[in-house]
Amino acid sequence: MDRDPGPASPQALELAEQLGLSFTAADVLCRRGFGADTRTERFLDPKLGQLTKPDTLAGWTPGVDRLARAVRDRERVVVFGDYDCDGITSVAILTEVIRALGGTAVPLLANRFDGGYGLSDRAVDRALLESPAVLVACDCGSSDQPRVARAIERDVDVVIVDHHEVPTDPPAATAFINPQQPSCAFPYKGLATCGLTLLLATGLRRELRPELDVRRWLDLVAIGTVADVAPLDGDNRVLVRAGLAVLEGASRPGLRALLGRVQRGRSRSATTELIAFQIAPRLNAPGRLGDPSAALELLLAQDADRAIPRLEQVEQAVAERRAIQSRMVAEATAAIVKAGYPSDGGLVLAGPDWHPGVVGIVAGRIAAQYGAPSIAIALEGDAGRGSARAPEGFDLYE
């Protein structure tokens with residue numbers, strides 16, 4: 001049974017009066033530690049001018065310098081990213097920025113079934129085939145020391161832009177941009193890779209073309225940030241709010257086509273819910289089933305003639321993913337009922353023909369349905385690929 005939170009405090013009543021808020025909103029803010037001060041005003045009305053300056057971001061200056069030199073010298077840059085929304089949007093941002101500055105950028109994405117997650121050996125093979133002078137690894141690379149070393153051995157400079165946990169022995173890259181590294185003095189640690197990529201873009205703009213307006217890429221930052229479930233506070237809150245306004249304008253042909261399909265002619269404002277439940281699942285669908293490039297090409301499309309065929313590919317992947325998901329959830333539920341689920345335990349489920357790109361969704365659905373931590377495994381010969389999910393509010397490490 002939910003506990004009665006009690007009446008609003010005098011502080012909440014004061015906050016409501018000073019900021020013109022409802023008592024309910026003011027009470028929620030007070031319970032979360034907000035008061036009638038500048039911090040609360042910035043939280044309620046975030047502006048781009050509040051963003052943290054990138055100068056203290058470890059690796060940012062050498063990353064900007066190396067990519068600026070690549071653009072000036074017309075060197076080939078491979079921009080590689082992971083196959084999820086954060087990786088895809090990061091690759092799209094940096095590819096377009098380099099091209100807008102007159103450079104040569106070749107976008108590549110990881111493939112779940114051809115090398116797998118991150119900067120794999122197969123990913124390095126694909127990158128080296130493009131004969132780059134620079135390889136930028138987006139949303140991966142922090143734990144890929146052997147692959148980074150291999151690229152460097154081939155005289156390729158490596159720039160890493162990532163936000164994942166940093167190992168004790170970080171990769172020896174030309175530039176390692178990750179606020180999680182202990183030596184990084186950048187105060188806000190919650191940026192997704194797409195946000196870090198935009199900071200890299202601001203440095204390139206400053207070095208090469210001050211008149212370039214990087215705000216045009218805020219729509220992609222909002223999508224990548226929300227899809228990656230990054231915290232919507234601090235710099236992320238600023239970026240997402242501004243990005244939603246850009247997304248609502250739908251100046252990007254691919255997103256304009258996608259929104260037209262999702263909204264079906266109805267005028268709706270861009271929200272985080274629209275990203276989380278409509279846009280992100282569509283952009284993630286091709287990568288779940290195999291080649292994620294259709295999603296990237298949709299974002300990079302310069303006109304409707306190029307965007308519409310990519311959108312059709314994305315929608316086909318969504319339909320296929322939904323059909324696979326429905327079948328797997330039905331099979332998992334039937335297995336649970338047949339076995340007689342013990343209500344005080346977790347669930348481990350497996351199927352010989354389950355799709356490894358969909359097991360995470362299935363585990364999440366089962367966890368929510370039964371209120372228990374769940375693991376779904378796609379069996380492959382003597383091995384398998386699995387994914388674990390816990391119901392909301394459950395801590396696996398309690």
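Let me open with R256, which, once its neighbours within four places in sequence are set aside, is in contact with A250 and S251, contact being taken as heavy atoms within 4.5 Å. What we are looking at is a predicted model, in which local features need pLDDT of at least 70 and side-chain atom pairs count only at pLDDT 80 or more, while totals for chains, interfaces and linings use all residues. Residues are numbered from 1 along each chain as its sequence is written, and side-chain values use heavy atoms, with hydrogens and water left out.

R256 lies in helix α11, residues 253-263, where helices are DSSP runs of H or I with at least four residues, strands are runs of E with at least two, and both are numbered from the N terminus. At 42% relative accessibility R256 counts as partly exposed, a class that falls between buried, under 20% relative accessible area, and exposed, over 50%, with a 1.4 Å probe and protein chains only. R256 and I336 are 80 residues apart in sequence, and their C-alpha atoms are 42 Å apart in space.

Turning to helix α14, residues 304-339, we have 36 residues that reach 51 Å from the first C-alpha to the last, close to the 52 Å expected at 1.5 Å a residue, the expected span being 1.5 Å times one less than the number of residues. The helix is followed by G340, whose phi is positive, near 75 degrees.

Now to the aromatic rings, where a search of the whole structure finds 1 aromatic pair. The rings of F34 and F43 have their centres 4.7 Å apart and their planes at 40 degrees, so the pair is tilted; for Phe, Tyr and Trp (its six-membered ring), centres must lie within 6.5 Å, with planes under 30 degrees apart counted as stacked, over 60 as edge-to-face and the rest as tilted. F34 is buried, at 12% relative accessible area, whereas F43 is partly exposed, at 21%. R39 lies over the face of F34, at 4.1 Å from the ring centre, and R237 lies over the face of F43, at 3.6 Å, the criterion being NZ of Lys or CZ of Arg within 6 Å of the ring centre and within 35 degrees of the ring normal.

Finally, S142, in the loop between β3 (134-138) and α7 (145-153), is buried at 1% relative accessibility. Its side chain makes polar contacts with the side chains of D162, at 2.7 Å, and N178, at 2.9 Å; a polar contact is a pair of N or O atoms within 3.5 Å, where within protein one must be able to donate a hydrogen and the other to accept it, and residues adjacent in sequence count only if both atoms are side-chain atoms.
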